[in-house]
Amino acid sequence: MSQQPAPAPAERPVALVTGAAQRLGRAIALDLAAHGWAVAVHYRQSADAAARTVAEARALGAPAEAFAADLADEAACAALLPAVAAHFGAVCAVVNNASRFDYDTVDDFGHAAMERHWRANTAAPILLARALHAHRLAAGGRGAVVNLLDQKLWNPNPDYLSYTLSKAALEAATTLLAQALAPVLRVAGVAPGVTLLSGPMSAAEFERAHRLTPLQRSSTPEDIARAVRFVLESPAITGTTLLVDGGQHLMPQPRDVLFLAQDD
Ligand SMILES: NC(=O)c1ccc[n+]([C@@H]2O[C@H](COP(=O)([O-])OP(=O)(O)OC[C@H]3O[C@@H](n4cnc5c(N)ncnc54)[C@H](OP(=O)(O)O)[C@@H]3O)[C@@H](O)[C@H]2O)c1
């Protein structure tokens, strides 16, 4: 924890966190709010939860505002960063956290599923990074982008095929964007392990899945938020990914951990 007093609200750097109404995005936004940032809380459908995140961030002393956009809609996605900039002035960072996570396999894979995941999980982060680059160029300063990835890219299995492919493309885009948008922007990834109960998991299955790592604990929302803040505040980091997963990626898993932890 920093011993420095928090900067005055008007001096705080501004971060846009996508999908920040609840779950990991909320934890990232509130961690930033607690450590000297102002936060733009993006949401798609969860307006009430987004309003609660904004209220909690303000209670921490951070300027905060909610912004709605369906990131699968190219025009809505393109309008998001300008809307945040119009509200706050300069924007320094984008955390691409929002994500679609639907189950499919090779057997039921199709263009529709791939396109849904591609639009939200891959194309939107690229468009937001490009928009931040244009904004920082105009403002004459530097900035950073963090893409939320997934440990399963380093420990692959064919479950959640379209999701996995969309995140694999985002991991490649992290390298390509770091090349294309330097020196104005740094672009890096943070790859969580099993952090929150997702999909059809029971609470007991989640507890078991969370322990299926070399460290016998996967990541918590606080671990992920701390790693995102570390990347945002580390001026020499770009074009790489931090795996924050209790070492889950070191433990080969032939299927999604959901199935490995399942009750018989
Ligand atoms: N949870 C985990 O254990 C875990 C593990 C590995 C990686 N990750 C990664 O970490 C990130 C956060 O995970 P999470 O489980 O907290 O995410 P999540 O709950 O599955 O999704 C976060 C938010 O994404 C938003 N979203 C989805 N599609 C959207 C779209 N088309 N346009 C705009 N927003 C959209 C939703 O906002 P609304 O509710 O407002 O509609 C949703 O609340 C994701 O990138 C995920 O891949 C998570």
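Visitor: Which residues touch the most other members in the largest nonpolar core?
Guide: This is a predicted model, to be clear. The residues are Ala15, Ile28, Val39 and Val41, out of 69 in that core.

Visitor: And which helix gives the most to this core?
Guide: Helix α4, residues 111-139, with eight residues.

Visitor: Back to Ala15. What does Ala15 touch?
Guide: Leaving out residues up to four places away in sequence, Ala15 touches Leu32, Trp37, Val39, Cys92, Ala93, Val95 and Leu232. There is also a second, separate core of five residues. Val194, Met201, Ala209 and Val257 are among them.

Visitor: OK, the sheet. What's the strand order?
Guide: β3-β2-β1-β4-β5-β6-β7. The sheet is open, has seven strands and pairs in parallel. From one strand to the next, the twist averages 20°.

Visitor: How many bridges join β4 to β5?
Guide: Four, between residues 93-96 and residues 143-148. Ala93 stands opposite Ala144 in β5.

Visitor: Which strands does helix α7 touch?
Guide: Helix α7 (residues 221-232) packs on the sheet and touches β1, β4, β5, β6 and β7. Its direction makes about 165° with that of β6.

Visitor: Now the ligand. Which residues are closest?
Guide: Gly19, Arg23, Leu24, Arg44 and Ser99, within a shell of 26 residues. Helix α1 (residues 23-34) supplies the largest share, three residues.

Visitor: How does the shell split by class?
Guide: Twelve nonpolar, nine polar and five charged.

Note on methods. Residues are numbered from 1 along each chain as its sequence is written. This is a predicted model: local features need pLDDT of at least 70, side-chain atom pairs count only at pLDDT 80 or more; totals for chains, interfaces and linings use all residues. Two strands pair if DSSP finds at least two bridges between them. Helices (H or I, at least four residues) and strands (E, at least two) are DSSP runs, numbered from the N terminus. Axes are lines fitted to C-alpha atoms, for helices over the stretch in contact, and angles run from 0 to 180 degrees between N-to-C directions. Two residues are in contact if their C-beta atoms, placed from the backbone, lie within 7 Å. A residue is near a molecule or strand if its C-beta atom, placed from the backbone, lies within 6 Å of it. Ala, Val, Leu, Ile, Met, Phe, Trp, Tyr, Cys and Pro count as nonpolar, Asp, Glu, Lys and Arg as charged, and the others, Gly among them, as polar. A nonpolar core is a set of buried Ala, Val, Leu, Ile, Met, Phe, Trp, Tyr and Cys residues joined through C-beta atoms within 7 Å. A residue is buried if 20 or more other C-beta atoms lie within 10 Å of its own, exposed if 12 or fewer, and partly exposed in between; C-beta atoms are placed from the backbone.
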